[in-house]
Amino acid sequence: MTPANRLRPIDWIVRWCLGLLAGTILVGVTSPVFVRTYASRQWDPVRSRNVYPEGLEYRWRSEGHATSSVGPHGMMGRTDVPLSTKTRLALWGDSQAEGVCLSDERKLWSTLQKYLLDAEVLPFAQSGDDASDWIEQFPGVEEALAIDSHLILLHELIDLESLATVSLPNRKSPALPLWIDRIPDFLLEAGRRLLLTESNEVRRLRFAIGPASRVSKGSVTGEIDACEAPNQSATTGWSTSVERLRRGTVLPITIVYAPHVSLTDDTESTSLQRLASTLTEQKIQFIDCRESLRQAIRSGIQPFGFHHGQIGSGHLNSDGYHLIAEAVSKVVVARPSESITGN
Amino acid sequence: MNFAQAEFVIFLCVVLSVTWSLRAAVRRSPGPANLFLLLASYYFYAYWDYRFCGLLLISTLVDYLAARLIASSTSATRRKAWLAFSLMTNLGMLGFFKYFNFFIESATPLAQSIGMNPSTLVIILPVGISFFTFQTLSYTIDVYRRRLTASQNLLDFALYVAFFPQLVAGPIVRATNLLPQFSNVTRFSRRRFYGGFQQLLRGAVKKVLIADRLAETVDVVFADVGSYGSLTVWIAVIGYAGQIYYDFSGYSDMAIGVAKMLGFRFPVNFRHPYLAKSMADFWHRWHITLSTWLRDYLYIPLGGSRGTKWQTNRNLLITMTLGGLWHGAASTFLLWGIWHGLALVIERNEVLMRIRNRLAAPAKWLTVMLAVLMGWVLFRSPDIETAMTVYQRLWLGLASPANPNLIVWLPPLTLLAITLMIVEHAAWTTRLRRCMRLPWDAWYSPVATAVLLWSLLLYSPRGFRPFVYFQF
């Protein structure tokens with residue numbers, strides 16, 4: 001190969017252009033190991049919302065490191081609609097229930113199926129969802145997929161509280177346009193990092209001299225922060241939220257509460273007692289997993305986090321899902337004859 | 001503004017363009033380009049906090065004046081007086097901003113026992129004060145010692161003090177090195193510019209891809225050491241050793257690279273300290289500009305190794321203790337300095353030296369690494385209690401209530417960082433070292449450059465982590 005000091009400038013430029021291109025291709029080819037999937041969502045008439053298309057292999061590469069198969073109706077991790085006559089349980093929640101940090105066989109829906117031998121669990125949880133999203137989808141999935149009951153994994157009370165104030169329909173997503181699918185994920189990731197901060201705000205450059213004052217402009221995608229609805233439980237109780245939830249379906253509903261827990265203090269007891277009694281009045285089953293989560297932590301098992309040092313923070317891991325499934329299996333029984341008639 | 005920000009990239013592009021354009025336009029004098037660099041440097045510093053610029057200006061004017069007066073005085077008493085004036089001003093500023101609250105808090109128990117109740121102040125620590133203070137002190141001391149002629153050009157001297165690549169975290173560049181470069185007309189060299197760019201890129205990779213990734217694990221463990229088992233804590237301590245080396249050497253590389261792109265040469269600040277075979281060797285490789293500063297302006301004036309063994313040991317201990325204190329106003333830094341002082345003293349013991357000389361090279365290396373790692377525990381711990389807990393976990397293997405395997409699985413990018421760390425140290429042959437610098441004429445340089453640039457963009461941790469040495 002010709003030494004660079006004998007190259008003409010044009011040859012040097014060509015060498016560098018080709019080399020940079022080769023390096024870029026190398027990064028592109030290897031990037032799936034480290035870069036998540038970016039994909040457009042498509043309208044699903046059953047769920048009345050945009051979902052990832054069936055057949056997509058969805059990579060998650062930050063907390064946890066897993067690839068999820070997307071099934072019919074955007075079910076994350078489940079690639080079939082069951083044909084059996086077992087009880088069908090629709091699983092709802094947010095990213096904690098969606099489980100993209102784990103492989104399909106270790107997700108919550110799969111773990112639940114191992115504990116609930118007579119049930120088929122259909123996962124409809126999606127990151128960022130709250131109660132308004134769930135009740136909007138109830139009618140469609142009940143009719144199209146013959147659902148027998150609903151199971152909601154509640155990680156934050158705000159996801160249920162917000163139902164008191166939000167107006168429906170509350171259509172969220174479409175997240176990304178279709179042409180996104182033609183662009184390699186690593187280019188999209190690069191663009192996202194350049195244009196958005198870590199909290200998904202538009203990056204604003206500062207050139208003014210300091211000291212700097214920081215002003216948050218609000219999130220672009222809405223994926224990270226739940227909207228802060230006023231704390232209904234403190235003033236009007238839970239009645240409005242729970243009534244709206246109850247009116248969303250005539251089928252049995254079970255709510256499993258699995259928040260991040262503190263070993264030392266418990267500030268939610270009063271609010272949760274009110275919630276539990278309100279749910280009971282509306283014939284909604286309530287499973288409080290806090291004590292079992294605390295017990296696990298005391299015995300050295302961390303239900304949250306993915307073994308890279310993030311103790312107690314982040315998403316439910318496989319151990320956390322087993323705890324929840326065990327708690328659910330003790331309580332939930334398939335009871336198609338006990339559906340609640342709506343008003 | 002720090003080197004890892006998007007704003008800095010834009011700032012650097014502007015500075016490079018304007019500087020080289022001015023030099024091309026005014027070939028006979030470096031003045032216009034130097035003036036622009038001075039203004040850019042003050043803007044760089046004001047980006048943190050405009051109030052800090054006042055300190056920089058005071059330090060500049062005091063030392064410029066003091067050096068001129070030292071040089072023009074024939075009386076030894078007057079020369080000493082002007083030197084003392086410079087020392088008191090600089091060390092006074094450093095002492096007030098950095099150590100006032102530390103000494104008040106340390107003296108509080110004693111003061112309260114005699115009925116006094118001293119209060120601390122809310123003091124903002126100016127970024128880089130430790131660095132530029134030492135830099136200007138070296139100038140006046142060298143003028144006093146007649147090793148250097150006092151600068152007659154205030155602009156060049158002001159630029160020497162404020163030059164942005166090394167202003168906030170070094171390297172500590174001597175006036176004998178940098179001032180002559182400012183007064184010479186600099187010609188553009190593509191090879192040097194390219195070398196500077198590659199060094200800047202290497203520094204960014206070290207800081208962002210390796211140091212910050214390791215920090216993710218290290219910070220979590222040190223925030224709650226009591227919850228982790230022995231293996232986890234060992235991983236965190238070794239991880240911290242990697243973090244601080246790659247963070248600081250990464251910053252140094254970026255500073256040296258930027259200076260090179262501007263046509264200036266900075267001294268090397270690190271030479272693979274974790275390959276050292278003795279503690280003395282470690283300090284010839286770690287933060288070289290600081291260790292040589294301490295040697296030339298503290299250790300040697302105290303007597304160095306010219307006196308008795310006891311005096312030499314005393315001088316080593318004092319030097320390293322003050323070196324520890326330079327890093328921060330905390331007892332852990334003080335103890336870290338004392339630790340290294342003791343290690344150097346113990347290494348000079350003749351009996352131990354004979355034992356060490358019989359050891360194979362890997363064993364020698366291991367003893368040095370263990371000593372350095374135990375020192376890093378002090379350096380990293382927020383307080384002595386945490387450091388003691390870490391030592392217990394490391395050496396007494398106390399079981400923790402938490403799952404001891406919690407941290408064994410590390411995410412792929414952290415494993416990549418550790419791999420890069422091991423490869424960079426272990427594969428350090430002369431031939432490979434040249435390859436890793438991505439030479440101008442190598443066919444693989446464009447490919448590797450693209451891979452590094454994309455890696456910086458794609459694989460850096462989200463969320464900004466300041467350089468560790470910015471706190472000093």
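Where is Pro211(A) found? Pro211(A) sits in the loop between α6 and α7 (232-235) of chain A. Helices here are DSSP runs of H or I with at least four residues, strands are E runs of at least two, and both are numbered from the N terminus.

This is a predicted model, in which local features need pLDDT of at least 70, side-chain atom pairs count only at pLDDT 80 or more, and totals for chains, interfaces and linings use all residues. Residues are numbered from 1 along each chain as its sequence is written, chains are lettered from A and ligands numbered from 1 in written order, and side-chain values use heavy atoms, without hydrogens and water.

Now the backbone. Most residues other than glycine have a negative phi, and most peptide bonds are trans. The bond from Gly210(A) to Pro211(A) is cis, with omega near 5 degrees. In chain B, the bond from Gly170(B) to Pro171(B) is cis, with omega near 5 degrees. Pro171(B) lies in the loop between α7 (164-167) and α8 (175-183) of chain B. Ala146(A) has a positive phi, near 55 degrees. Ala146(A) belongs to the loop between α4 (131-145) and β7 (149-154) of chain A.

Next, a helix pair in chain B. The axes of α5(B) (residues 129-144) and α6(B) (residues 154-162) come within 9 Å and cross at roughly 140 degrees. Axes are lines fitted to C-alpha atoms, for helices over the stretch in contact, with angles from 0 to 180 degrees between N-to-C directions. α5(B) and α6(B) are therefore oblique to each other; angles under 35 degrees count as roughly parallel, over 145 as roughly antiparallel, 65 to 115 as roughly perpendicular and the rest as oblique. From α5(B), Phe132(B), Gln135(B), Thr136(B), Ser138(B) and Tyr139(B) make the contact with Phe157(B), Tyr160(B) and Val161(B) of α6(B). Contact means heavy atoms within 4.5 Å.

Last, the interface. The contact takes 43 residues from chain A and 47 residues from chain B. The two chains bury about 3900 Å² between them, 68% of it on carbon and sulfur atoms. Buried area is the accessible area (1.4 Å probe) lost when two parts are put together, summed over both. On the side of chain A that touches chain B, α1 (9-30) and α6 (185-195) of chain A each give two or more residues. The largest share, 10 residues, comes from α1(A).
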